[in-house]
Amino acid sequence: MAGMPGLLIFLLLLLCTVGQVSPYSAPLKPTWPAYRLPVVLPQSTLNLAKPDFGAKAKLEVSSSCGPQCHKGAPLPTYEEAKQYLSYETLYANGSRTETQVGIYILSNGQRGAQHRDSEAPGKSRRKRQIYGYDSRFSIFGKDFLLNYPFSTSVKLSTGCTGTLVAEKHVLTAAHCIHDGKTYVKGTQKLRVGFLKPKYKDGGREANSSSPAMPEKMKFQWIRVKRTHVPKGWIKGNANDIGMDYDYALLELKKPHKRKFMKIGVSPPAKQLPGGRIHFSGYDNDRPGNLVYRFCDVKDETYDLLYQQCDAQPGASGSGVYVRMWKRQQQKWERKIIGIFSGHQWVDMNGSPQDFNVAVRITPLKYAQICYWIKGNYLDCREG
C-alpha cells in the first residue's frame, strides 16, 4: 500500500470513514445515523515562536467559491489531509505549538462519494446577510436565555459567537481568533461571556422573600486556557478555495457548569428533519441580544452547508444544530453538526445568488475535535 498514489490512498480512507447506516430506519422519526469513525492522533509537537496578535478581528469571512467550485476541486491526498488536520495550540501565556497528526482506520464502512465540479468565481458580497423579510427571533427573558438549548450559546471577547460542547470547551469559527496569517488582537487574553440576570441593587432572587426582578441580562466572563486551530485554516497550508477548515476549539480555565450540546457528524441534507438547520448567535445589529433562526439547507458539499438563514456579523462561530432521534438511547437529541462561517456568492444557472455558509463536521473533523475535547480516541468512536 505504501507504493500507492497518495490520492488513491485517501480515496480508500474516505470510503472507510463513514460507517454503514443501520438498515433499520424509523419512517416517522429522523434518526441519527450510526457512523464508524477514523482516528486522528497527535504524532509530534513542535514549539513555535510567540505570535504578535496583530490581526484585526473580522466578524465575517467571504469566498467567491460556491458549491460547484468546491465540488470541482480535487480531493486532498492522504498526506494533504494529515497536513490540514494538523493544528496549532495557543496558550494563555502566549506560547504556541504545532502538532502533526496521523489518520488511522480501525473499522470498515461505506460512504457514497461526493465529487466536486468547477465554477467561475462569483461577485463580492454586499453588507447585509438578510434575505427578504428578516426572520430572526431575539430571545428575551431568563427563562429562555438560561435554558437549553439557548444557554449553550456564548459570546467571545473578540466579538463572535461560540457554543458549549463540553464541560470546559467552546466550539467557534477559526476566523474569530485567527485571520489565516496570525492571531487576532485580544486572543492572548481571550474570554468567553455567559449571559446571566443582573438584579437591581445587587438583589439576589434566591435570598429574597419578594424576588428581585432582573433589570437586564449581563455577561459573566471566563478566561480561555488554550485554543486549537487546524492548519487547514492557516494560509500557506490550506487549499485557498473556501472555508472548509474555519473552526476552532477553546478550552476554558474552569468548568462553566451549564448543560452543553454534543457534536455530531453532519448527515446529508436530505436526512435533516425538514431539511432545516438551527443556530443562535450574538448578531452585532442587536447588541446584547441572543438571536435565534432556522432555515432550509439549499445546497451542500462534503465540507459545507449552503443556506439563507438571516444573519449579521457577530453570529459567525455559532453552532449549527439539528434535533434527531437517538435510537440507542430511545430519545430525541440535539447535536452540533456545523459551525456558521460566513457567506458566498454562487453562480446558479448563470445568475449570481447569495448564500450563508456553515462548515460541516465531517467524520475526520469529528475525530479531530472530539480528541481535542476528550484526549482519548476510544471516547470518539461513535459520531
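At 1% relative accessibility, Cys160 falls under the 20% cut-off, so Cys160 counts as buried. This is a predicted model, and a search of the whole structure turns up three disulfides. One of them joins Cys160 to Cys176, S to S 2.2 Å. That pair links distant parts of the chain: Cys160 sits in the loop between strand 6 (153-156) and strand 7 (161-166), while Cys176 is in the loop between strand 8 (169-172) and strand 9 (191-199), 16 residues apart. Cys176 is buried too, with a relative accessible area of 1%.

Here is how the links look:

| Disulfide | S to S | Torsion about S-S |
|---|---|---|
| Cys160 and Cys176 | 2.2 Å | -90°, left-handed |
| Cys295 and Cys309 | 2.0 Å | about -100°, left-handed |
| Cys370 and Cys380 | 2.1 Å | -85°, left-handed |

Now for the Cys295 and Cys309 link. Cys295 lies in strand 13 (residues 290-300) and Cys309 in the loop between strand 14 (304-307) and strand 15 (319-326), so the bond ties together parts 14 residues apart in sequence. Cys295 is buried at 11% relative accessible area, and Cys309 is buried at 1%.

Since Cys370 is in helix 5 and Cys380 in the segment after helix 5, the pair ties together parts ten residues apart in sequence. Cys370 counts as buried at 4% relative accessibility, and so does Cys380 at 3%.

Helix 5 itself is mostly covered, with eleven of its twelve residues buried; among them are Tyr366, Cys370 and Trp372. At 1.5 Å a residue, helix 5 (residues 363-374) should span 16 Å, and its end C-alpha atoms are 16 Å apart, which agrees.

Definitions and conventions. Residues numbered from 1 in each chain as written. Predicted model: local features only at pLDDT ≥ 70, side-chain atom pairs only at ≥ 80, totals over all residues. Heavy atoms only, no water. Helix = DSSP H or I, 4+ residues; strand = E, 2+ residues; numbered from the N terminus. Expected span 1.5 Å × (residues − 1). Buried < 20%, exposed > 50% of the residue type's maximum accessible area, 1.4 Å probe, protein only. Disulfide = S-S within 2.5 Å.
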